[in-house]
Amino acid sequence: MPSVSLSMPVSIPESVGTESVGGVSDQAAGVEDAGLGLYVHWPFCISKCPYCDFNSHVRDSIDQERWGRALVNDLESALAAVSTDVLRPLLSIFFGGGTPSLMAPETVAAVLDVLSSRGLLNAQTEITLEANPSSADAERFAAYRDAGVNRLSIGVQALDNEALRFLGRAHDVDEALDALAAARATFSRVSFDLIYARTGQSPQAWRAELERVLALAPAHVSLYQLTIEHGTRFYEAQARGNLTVPGDDDAATMYEDTLLRCKEIKLAAYEVSNFARPGEECRHNLIYWRSGDWIGVGPGAHGRMGQGDGRVATRQWRSPEKWLDAVENTGTGFEASEVLDAPTRATEMLMMGLRLTEGVSAKRFERMVGETLQDTLIRDRLDDLVEGGFMEVSQHGVRTTRQGRNVLNTLVSQLLP
Ligand code: SF4
C-alpha cells in the first residue's frame, strides 16, 4: 500500500460535526444516544441446521410454562442490576434464537408486560421476533402481534427447494412464501433472510434467485454469504473433503451483484449484509453496530452497558439446562460480567461500527472510549487505507468503503496499536 502524508483531508478533521456525508443513516450516526435494547434468547429449534453455530438446541419436549417463568425472572433480575441513570425507554426488543416462533405467545406477552409496567415501552419501541417459515409457526403470528410484537424477521434462507434441503431446513419455498404473505398481512414491518454462495451455486444462479428475492419487494432483507463455522456439521464435511463452497472470486461476484441490484432498486446497503428502504433499518442491530446499550437475557445472551465512564459486558449461562437451573435456584441466569478496558472498547466499536455504511461517529467514539479517534488510530495506517480505497474520512468520523468492508478484520487490526 502506498504511503501518503498526514495532511488533510485524508486524516480525521480536528473538529467533527453531524453533517451528512451521504448514505441512508448518516444523520442517525450523529445522534448522541445509540439507544437501549433488550435481547431475549430462546434456545430451541425443531432440528439443527448443518451450518448453524448459534446457541440452538433440539429437545424432545419443552416445558413452556417453566421456560416462560424463568425468562421473566431472568429479565426482572437483569433490570434490577441496571443502574437507574442507564435505564430508559427501550428503543428495541429482539426475541432471537434458536427459533423464537416456537415460544408460547404468552411468554412474549409476559416479558412485554414486565417492561410495560416499568414504563420501558413506548410507541417507538421496535419489537422484533425471529420466525421460521413453517405453517405451524405462521399460525402463531397473530398471537405474537396481539402480545405486542411489531416486526417479524423470517428465516427464508433460499428460494430453491434443493438448496433448502442442502441447508437442512424444514420448510420448502411454497411454505416460505406463504409465511411471508401471512407475516405481511399481520405486521407492518417484515424482514427476511437468505443465504447465498452455497455449495454448487454459480453467480448466474444467485443472480436469478436474487431477482426472485427483489420481486418480493422487501422493505428490509438480510443477504448473508454462507460461512463454514467451526463446530458445525458443514465444518466436519468440509474437513473430510465432502463439501466445497464457491471460491473467493465467485463469492465476490455474487456480493457485487447483490450490491448493484439493491442499489438499482434503491434498497440501501446500510450494513455489510443488510439492505433496507429508508427508515426500515433494523433498530435493534443498529444498537449493536453503534455500540449502544443492551440487556441480554436467556441462555447465552450477552449484554453491554455504559457504567460511569466505562462499559460493562455481561453474559448469561450458555447451556439451556444450566441457565434454567441457575434462574430457578438463584433468581438469575447471570454468569459473569467484565469491565471493558479502553482498547477493548475501541476494538469493539470499530469492528461493529465499520460494518455500517455510515461508519463510526467520532463524537460517540470519544465518549465511549475516552480518547479521540485521532489519538487512537494509527494515523499513517489510516492514511494508507484511505489512499488504497479501503476507508473514508467524513465530517462525522471514519467509515469503510465497499472494498474495506470485505477485509474488516485485517483493517481494524491495522488501525489499532
Ligand atoms: S433454525 Fe436457525 S437457530 Fe435453529 S438450527 Fe437452524 S439456523 Fe440455527
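View A. Helix α2 covers residues 64–80, and its 17 residues reach 24 Å from first C-alpha to last, close to the 24 Å expected at 1.5 Å a residue. That expected span is 1.5 Å times one less than the number of residues in the helix. Helices here are DSSP runs of H or I with at least four residues, strands are runs of E with at least two, and both are numbered from the N terminus. This is a predicted model, in which local features need pLDDT of at least 70 and side-chain atom pairs count only at pLDDT 80 or more, while totals for chains, interfaces and linings use all residues. Numbering starts from 1 along each chain as its sequence is written, and side-chain values use heavy atoms, with hydrogens and water left out. The buried residues of α2 are Trp-67, Gly-68, Ala-70, Leu-71, Val-72, Asp-74, Leu-75, Ala-78 and Leu-79. Buried stands for under 20% relative accessible area, exposed for over 50%, and partly exposed for anything in between (1.4 Å probe, protein chains only). Their cover includes β1 (36–42), α3 (105–117), β9 (293–297), β11 (310–316), α12 (320–330) and β12 (334–339), with contact taken as heavy atoms within 4.5 Å.

**View B. Helix α3 and its neighbours.** With 13 residues, α3 reaches 18 Å from its first C-alpha to its last, close to the 18 Å expected at 1.5 Å a residue. Pro-105, Thr-107, Val-108, Val-111, Leu-112, Val-114 and Leu-115 are its buried residues. They pack against β1, α2, β2 (92–97), β3 (126–131) and α5 (141–147). After α3 comes Gly-119, with a positive phi near 70°.

View C. Around the ligand are Cys-45, Ser-47, Lys-48, Cys-49, Tyr-51, Cys-52, Phe-54, Ser-56, Gly-98, Thr-99 and Arg-169; to be near it, a residue needs a heavy atom within 4 Å. By class, the shell divides into five nonpolar, four polar and two charged residues. Ala, Val, Leu, Ile, Met, Phe, Trp, Tyr, Cys and Pro count as nonpolar, Asp, Glu, Lys and Arg as charged, and the others, Gly among them, as polar.

View D. Most residues other than glycine have a negative phi. Ala-217, in the loop between α8 (203–215) and β6, has a positive phi of about 55°. Ser-291 also has a positive phi, near 55°, and is found in the loop between α11 (283–289) and β9. Buried or exposed? Ala-217 counts as exposed at 53% relative accessibility, whereas Ser-291 counts as buried at 7%.

**View E. The largest cavity.** A search of the whole structure turns up two cavities of 30 Å³ or more, and the largest holds about 60 Å³ of space. Of the twelve residues lining the largest cavity, Trp-289, Arg-290, Gly-359, Val-360 and Arg-364 are the closest to its centre. The elements giving two or more residues to this lining are α13 (342–353) and β13 (360–361). On a 1 Å grid over the protein atoms alone, a cavity is a set of points where a 1.4 Å probe fits but cannot get out, and lining residues have an atom within 4 Å of a point. Points are joined across faces, edges and corners, and volume is the space filled by probe spheres set on them.

Conventions
On a 1 Å grid over the protein atoms alone, a cavity is a set of points where a 1.4 Å probe fits but cannot get out, and a pocket is an open set with protein on both sides within 12 Å along at least five of seven lines; lining residues have an atom within 4 Å of a point.
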